Amino acid sequence: MLFSGLTFLYGFLPAVLALYFPAPKKLKNGVLLLASLFFYAWGEPRLAWLMLVTIGVFYLCGLAIGRAKSGKAKKAWLIAAATAGVGLLAVFKYADFFIGSFNAVTGLSIPLLRLTLPIGISFYTFQCVSYAADVYRGDAAPQRDLVSFGCYVALFPQLIAGPIVRYPQVARELETRTHTAQDLTLGLRRFLFGLGKKVLLANQLGELTALYRASDEKSVLFCWLYAAAFTLQIYFDFSGYSDMAIGLGRIFGFRFPENFDYPYLSRSVTEFWRRWHMTLGGWFRDYVYIPLGGSRVGRWRWLRNILIVWMLTGLWHGASWNFALWGLVFAALLILEKLAPGLARLPALPARLYVMGAVTLSFVLFNAEGLGQAGQDLAGLFGLAGLPGVTAQSLYQLRSFAVLLLAGILGATPWPKRWGEALLRRRPWLQTLAMIAMLLLCTACLVDGSFNPFLYFRF
């Protein structure tokens, strides 16, 4: 069930709101947990048991860590929890990748497991592992109420695509939270803003990327149109979903962390990763990079730490070698910026062009179905694939999508938001009108059967 689907917008969400707000305070977490389990089972009915098992295992591990009398016992339970989380990912997400790679190297034919990838497993597994780590460190007390803990793990606003919410960030709100008309209004506004990014921009840009994949008349121009379209599509797709999640959280009394901060304005790759998928970057920093020693070690160990983190970051996004290479490309760029500090002193325009060039090429690699297709796509960008420079079809696509691409470029900056907020300060009554108009416009696009994929279901 997609947030940007009619079933969610006009069926599931109104029903949950109608049950949640009249419910007594003590039952609100229970309502959210049941709604979240229903939401998950709607998309993965055969794997609903896995969510229940995950909740149970990490709930018990958290209690065991909290009750352990010695540091050794606490560490043993933390290792057990981390092993459970890594084991889930290894079996359901990476088993076939490892088996296929082993078969390719050895020439064997070990059969693949072909297990269904549970929706959102990377997100809720990371939340569970960080919960165990936070209890171990003393950053959070173990949650003793199973319903509240289950609500934290399965909470549907951020279940399938984040942001990755750490337990200390919502621990107090799980126990007691307030609901105000202002929170409801701001939450709805944020949700509808994200819905517009998803339906009106990401989905339409996705049509151009789909046309490129289906075309037998590619050209260098078409390759660049595809690269630009996908770079914008993935931003609006994922940041739009994050906006919807944050807005829904606000409606139900939770303050989720921000996940994007206009990353395409970055002047270095280091800055880009402070602005893009911030909760994932923060998770790897605090639970992998720093425990490995971070930068407070010798140069070779520091380089090793960066490579490990970025290999894992790449593989987190998908079980394929192109994702691993994608992560290592960013590792190389980050190391280069550390070793060549002059890159940080480039004037604004060259710096931003360098970052956007690197990011755009990286997303071409990211979106490929394997290294072979990635090589063809990248070669096509630079005229190395035997493609013509321009064709009639590519010019037609340029004319057809030029306005949308320009709108996407403008939308990736803070200017539309600033203009909108300035207008609302002068004309507050426009807020309600704008929210209704956004909902109706998005609904019209969805009723029309527009292209409505969600990229991060893959992860």
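Which helices each supply at least two residues of the lining of the largest pocket? In this predicted model, local features need pLDDT of at least 70 and side-chain atom pairs count only at pLDDT 80 or more, whereas totals for chains, interfaces and linings use all residues. Residues are numbered from 1 along each chain as its sequence is written, and side-chain values use heavy atoms, with hydrogens and water left out.

The chain has 18 helices and zero strands, these being DSSP runs numbered from the N terminus (helices H or I, at least four residues; strands E, at least two). The helices that answer the opening question are α8, α9 (220-251), α16 (392-411), α17 (415-426) and α18, and α8 gives the most, with ten residues.

The pocket is an open set of points on a 1 Å grid over the protein atoms alone, where a 1.4 Å probe fits, with protein on both sides within 12 Å along at least five of seven lines; lining residues have an atom within 4 Å of a point. Its lining counts 40 residues, and Arg 189, Arg 190, Phe 193, Pro 416 and Lys 417 lie nearest its centre.

Helix α8 (residues 181-214) also runs against α18 (residues 430-447), their axes coming within 10 Å and crossing at roughly 35°; axes are lines fitted to C-alpha atoms over the stretch in contact, with angles from 0 to 180 degrees between N-to-C directions. Among the residues that meet there are Leu 188, Leu 192 and Val 199 in α8 and Met 435, Met 438 and Leu 439 in α18, contact meaning heavy atoms within 4.5 Å.
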